[in-house]
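Me: I would like to learn how to read the features of a model such as this one, taking each idea in general before turning to the case at hand. Could we begin with the structure itself?

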Amino acid sequence: MASDNRHAQRIVVGIDGSSSSGHLPPARSSIPCSPRRLAGSRFLGAALAAAVLVAPCTVATAGTASAAVAGEPGAPGQGDPYFPLAGNGGYTVGHYDLGLAYDPATRRMKGDATLSARAVQDLSAFDLDLSGLTVTGVTVGGKEARFERRGQELVITPGRVLRRGAAFEVRVAYSGVPQYVTDPDGSEDGWIATDDGAFVAGEPQGAMSWFPSDNLPLDKASYSFRVTVPAGYTAVCNGELTSQRTRNGMTTFRWEQTQPMASYLATATVGKFEVERYTTASGVPVYNAVDPRESADAAPALAKIPEILDWGTTLFGPYPFSSAGAIVDRAPDAGYALETQSRPLYDRAPNVGTVVHEMAHQWFGDSVSLTNWRDIWLDEGFATYAEWLWQEQHGGTSAQARFDQYYALPATDGIWAFPTADPGEGADIFASPVYDRGAMVLHELRSAVGDARFFNILKTWAREHRYGNGTTAEFVALSERMSHQDLGPLFHTWLFTAGKPARS
Ligand code: TRP
Ligand code: ZN
């Protein structure tokens, strides 16, 4: 079970910046301008507060300019062109504390999520993204808050307005059988049950199938996980395992991801796994969890992890995270791998190319995240080009030869189905124009600026946007700045123009 008395003891920061131990009576009132709300404001003296109790709300508002703020509801989405309801307006999250209990036999989950957030506007209400499951209670600043479900939006109305700049904690208790989200391309995304647990991969939308979040890569946060499963099962999350305890036939795994992470990269994959732990010669702790049915096939690629880490560090700059590894599951319903932060998740035994791809994402995608999903090529084009580079530098096909192979494809081939940086709403963003043509874009750039400048651009991109986000326009600008070349025509043709580009 996810119950944890740390919450009861913790001093939480109130919505007005005050501390409270969380034992205050719940705010029952649903009247927006209720005296109770105003009386709690630190800006009101006792006498004034008493006056407010009998005064109509509008008068109190007019008379106490610094105190009575009506606030507005945060937007239900962040305006992503492809996923307009992804993410939410009005606040940002600094940390997620996720307590989960999962029973693979019944597929039931019990969740207890605490988000440490900050209001960026005066907020009367705000949304979290959550799909399915049953919410059993919400508190804000330790006090019960009203909530409502509207599709994937969990709309929360705290007892009083959250002032702009105020830190607050929102805690959501929930339970149920998680249902994966279906992507535009029809694939399963999120909490995907397997025959021995769950394969948990949230790109692009699936995080909301298992925890409430601000579900857009722009709002990155650190994470603590506390996952309880029946003894014999292993729960693997991002970052470092800080404790593992078995009591009364249940094992609780605690994981900490201290570097900022996008919600889609979070995992809490559950299964019967063989666990391997070691530290690389370069000092990176590695934790691998492998389905025993896949372990023989997975061993050769997993053995390359230290070498791939060092190779990536040489090529792209310092490895961004404090641990590494792999989760190799058997998840035929998923059918894809995901670059879950610090510890990629594979649906089956991967080959070396796939491990290179997912590990390259740690720099490109995980540390440097996209801003809008339209820019997915900044993840997939880069990770695919990393595979080309690995091949080229390990006795395989040269990147030029690969480029030529793809370029030889006829104009009717799927690789030219849409422009790399403009897939279009509803398009399959995990398709060849993003992956393969995306890698071709980088190869064109390399051909135009030369190796030294090209690799310097990649390193600079990773450094300047480390733990943050980037856009296509920023990458184009960086490339031009570092090459002192007008690359407008190259990028216009390769990123934005429909159809097979003419030879430059
Ligand atoms: N980003 C993953 C990778 O390239 C692939 C991926 C994530 C995916 N979610 C998906 C592919 C959904 C198809 C459908 O490593
Ligand atoms: Zn990828």
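**Reading the pocket, the metal site and the sheets**

Reply: The largest pocket holds about 400 Å³ of space. A pocket here is an open set of points on a 1 Å grid over the protein atoms alone, where a 1.4 Å probe fits and protein lies on both sides within 12 Å along at least five of seven lines, and lining residues have an atom within 4 Å of a point; points are joined across faces, edges and corners, and the volume is the space filled by probe spheres set on them. Before we go on, note that this is a predicted model, in which local features need pLDDT of at least 70 and side-chain atom pairs count only at pLDDT 80 or more, while totals for chains, interfaces and linings use all residues. Residues are numbered from 1 along each chain as its sequence is written, chains are lettered from A and ligands numbered from 1 in the order in which they are written, and side-chain values use heavy atoms, with hydrogens and water left out.

Me: Which residues are the closest to the centre of the largest pocket, and which element gives the most to its lining?

Reply: Of the 24 lining residues, Gly335, Tyr336, Ala337, Glu358 and Tyr435 are the closest to the centre. Helix H7 (352-363) and helix H8 (377-393) are the elements that give two or more residues to this lining, and H7 gives the most, with five; helices (H or I, at least four residues) and strands (E, at least two) are DSSP runs, numbered from the N terminus. The lining divides into eight nonpolar, seven polar and nine charged residues, where Ala, Val, Leu, Ile, Met, Phe, Trp, Tyr, Cys and Pro count as nonpolar, Asp, Glu, Lys and Arg as charged, and the others, Gly among them, as polar.

Me: How should I read a metal site, and which residues coordinate the zinc ion (ligand 2)?

Reply: Begin with the donors, which are N, O and S atoms within 2.8 Å of the metal (3.2 Å for Na, K and Ca); water is not among the atoms, so sites may look incomplete. The zinc ion (ligand 2) is coordinated by His357 (NE2), His361 (NE2) and Glu380 (OE), at 1.9 to 2.0 Å, and in sequence these donor residues follow the spacing H-x3-H-x18-E. His357 and His361 both lie in helix H7, four residues apart, about one turn of the helix, and both are buried (buried means under 20% relative accessible area, exposed over 50%, partly exposed in between, with a 1.4 Å probe and protein chains only).

Me: Why is the arrangement around the zinc ion (ligand 2) irregular?

Reply: The arrangement is irregular because the four donor atoms subtend angles of 99 to 145 degrees. Four donors count as tetrahedral if all angles lie between 85 and 135 degrees; four count as square planar and six as octahedral if opposite donors are over 155 degrees apart and all others between 65 and 115; anything else is irregular.

Me: What should I look for in a sheet, and what is the order of the eight strands in the open sheet?

Reply: Strands of a sheet pair through backbone hydrogen bonds, either parallel or antiparallel. Two strands pair if DSSP finds at least two bridges between them. The open sheet of eight strands runs E8-E7-E11-E5-E4-E15-E18-E17, with mixed pairing, and its edge strands, E8 (143-144) and E17 (240-247), each pair on one side only. Strand E15 (residues 221-230) and strand E18 (residues 250-261) are antiparallel over nine bridges, with Ala221 standing opposite Met261 in E18. E17 and E18 are also antiparallel, over seven bridges, and here Arg245 stands opposite Thr252 in E18.

Me: Where is Asn248 placed, and is it buried or exposed?

Reply: Asn248 lies in the loop between E17 and E18, strands that form a hairpin with two residues between them. Its phi is near 50 degrees, a positive value in a residue other than glycine, and at 77% relative accessibility Asn248 counts as exposed.

Me: Which strands form the open sheet of four?

Reply: The order is E3-E6-E10-E9, again with mixed pairing. Strand E3 (72-73) and strand E9 (146-150) stand at the edges with a single partner strand each, so one side of each is left without a neighbour in the sheet. E3 and strand E6 (residues 123-129) pair in the parallel sense over two bridges, and the bridge partner of Glu72 in E6 is Leu123.
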